[in-house]
Amino acid sequence: MGAETVDLPLPVLGSLSPSRAGDFMTCPLLFRYRTIDRLPQAPSSAATRGTVVHSVLERLFDLPAAERTLEAAAGLLRPEWDRLVAAEPEVAGLFEDAESLATWLDSARELLAGYFTLEDPTRLEPAERERLVEVVLPGGLRLRGIVDRLDVAPTGEVRICDYKTGASPREMFEGKALFQMKFYALVHWRTTGVVPRLLQLMYLGDREVLRYSPDEADLVATERKLLALWTAIERAIQLRDFPPRPSRLCDWCDHQALCPSFGGTPPPFPERVPGPDEPLPHQRAAVEALPAR
Ligand code: SF4
């Protein structure tokens with residue numbers, strides 16, 4: 001791909017989430033395909049299980065504290081799956097028959113069992129669940145993301161929690177995992193003036209918890225990193241230059257057929273980059289199909 005500047009109006013994207021930032025750091029071409037071209041991605045059973053388990057853990061806290069048991073959580077799996085199918089009918093195609101769906105639901109139940117070994121939800125009253133957080137930094141970059149859970153102690157100390165349905169990272173990759181949490185901590189600090197006391201990643205797959213206490217210096221460094229990343233993204237958009245960066249993550253990439261590292265050719269760069277709040281047609285349909293809770 002050439003790196004020649006093209007004389008086209010610079011498309012405005014204007015917003016970064018932890019996953020978008022992570023995409024660009026992993027592979028600029030992957031970022032382009034997901035964020036600018038917005039190529040569809042086939043649903044996977046692992047990602048879909050993550051979605052359903054997250055929904056269950058959110059809904060669990062609707063129940064009175066004493067009723068938040070593993071059995072109650074497991075009982076929410078099927079309704080949350082049905083709800084997801086109503087919103088995104090293509091996920092139903094992940095399973096050939098009722099038996100494979102039942103096996104998959106059992107694996108989701110195992111993850112919930114993992115959650116209950118990590119904490120006792122009867123002793124918690126989260127301040128927020130699945131909360132959209134955002135802030136506009138000086139210079140105009142909007143940071144936004146969805147926090148799984150935010151707890152506030154009676155003393156006012158804040159804990160940001162995130163559920164992961166995979167296994168915990170090896171020590172050398174912990175920094176990458178914490179980047180997302182520092183992103184949320186930065187948004188919280190910039191919107192409230194309070195540095196969260198604790199960032200907590202709960203890995204339901206291997207029942208491990210990763211905790212980190214950030215300080216202001218951490219968050220200033222995270223902000224600097226995000227601004228530098230944004231400058232790099234703007235530059236890439238200006239040059240229409242998003243090189244592939246092959247890694248072992250390519251095994252999970254939906255776009256190998258369009259990737260030069262796999263003999264593919266990228267499609268022409270879009271004339272117009274969609275805005276951050278602009279849903280895709282299939283996303284709009286999904287939102288409209290959501291049954292009322
Ligand atoms: S296959 Fe690998 S290098 Fe190519 S776009 Fe996907 S992640 Fe990037």
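What follows is a working chat about a predicted model of a protein chain with a ligand.

Reader: Before we start, how are the residues numbered, and what pLDDT do local features need?
Author: Residues are numbered from 1 along each chain as its sequence is written. This is a predicted model, in which local features need pLDDT of at least 70, side-chain atom pairs count only at pLDDT 80 or more, and totals for chains, interfaces and linings use all residues.

Reader: How many helices and strands does the protein chain have?
Author: The protein chain has 8 helices and 6 strands. Helices (H or I, at least four residues) and strands (E, at least two) are DSSP runs, numbered from the N terminus. Along the sequence the pattern is β-α-α-α-α-α-β-β-β-α-β-β-α-α.

Reader: What share of the residues is buried?
Author: Of the 293 residues in the protein chain, 25% are buried. A residue is buried if 20 or more other C-beta atoms lie within 10 Å of its own, exposed if 12 or fewer, and partly exposed in between, with C-beta atoms placed from the backbone.

Reader: Take α2, then. How many of its residues are buried?
Author: In α2, 7 of the 9 residues are buried, so the helix is largely enclosed by the rest of the structure. The buried residues are Leu29, Leu30, Phe31, Arg32, Tyr33, Thr35 and Ile36. The cover over them includes α1.

Reader: At what angle do α1 and α2 cross?
Author: The axes of α1 (residues 18–26) and α2 (residues 28–36) cross at roughly 140° and come within 5 Å. Axes are lines fitted to C-alpha atoms, for helices over the stretch in contact, and angles run from 0 to 180 degrees between N-to-C directions. That makes α1 oblique to α2; angles under 35 degrees count as roughly parallel, over 145 as roughly antiparallel, 65 to 115 as roughly perpendicular and the rest as oblique.

Reader: Which residues make the contact?
Author: Arg20, Asp23, Phe24 and Thr26 of α1, with Pro28, Leu30, Phe31, Arg34 and Thr35 of α2. Two residues are in contact if their C-beta atoms, placed from the backbone, lie within 7 Å.

Reader: And what follows α2?
Author: Arg38, whose phi is positive, near 50°.

Reader: Ligand next. Which residues come nearest?
Author: Cys27, Pro244, Cys250, Cys253 and Cys259, out of 14 residues around the ligand. A residue is near a molecule if its C-beta atom, placed from the backbone, lies within 6 Å of it.

Reader: Where is Cys253, and is it buried or exposed?
Author: Cys253 is in the loop between α7 (216–239) and α8 (281–289). It has 22 C-beta neighbours inside 10 Å, so it counts as buried. Cys253 and Leu30 are 223 residues apart in sequence, with their C-alpha atoms 8.0 Å apart in space.

Reader: Back to helices. At what angle do α6 and α7 cross?
Author: The axes of α6 (residues 174–192) and α7 cross at roughly 105° and come within 9 Å. That makes α6 roughly perpendicular to α7. Lys182, Phe183, Ala185, Leu186 and Trp189 in α6 meet Asp218, Leu219, Thr222 and Glu223 in α7.

Reader: Last topic, the strands. How many bridges join β2 to β3?
Author: There are 8 bridges between β2 (residues 128–136) and β3 (residues 142–152), which run antiparallel. Two strands pair if DSSP finds at least two bridges between them. Glu134 stands opposite Arg144 in β3.

Reader: What is in the turn?
Author: β2 and β3 form a hairpin with 5 residues between them, and Gly139 in the turn has a positive phi of about 105°.
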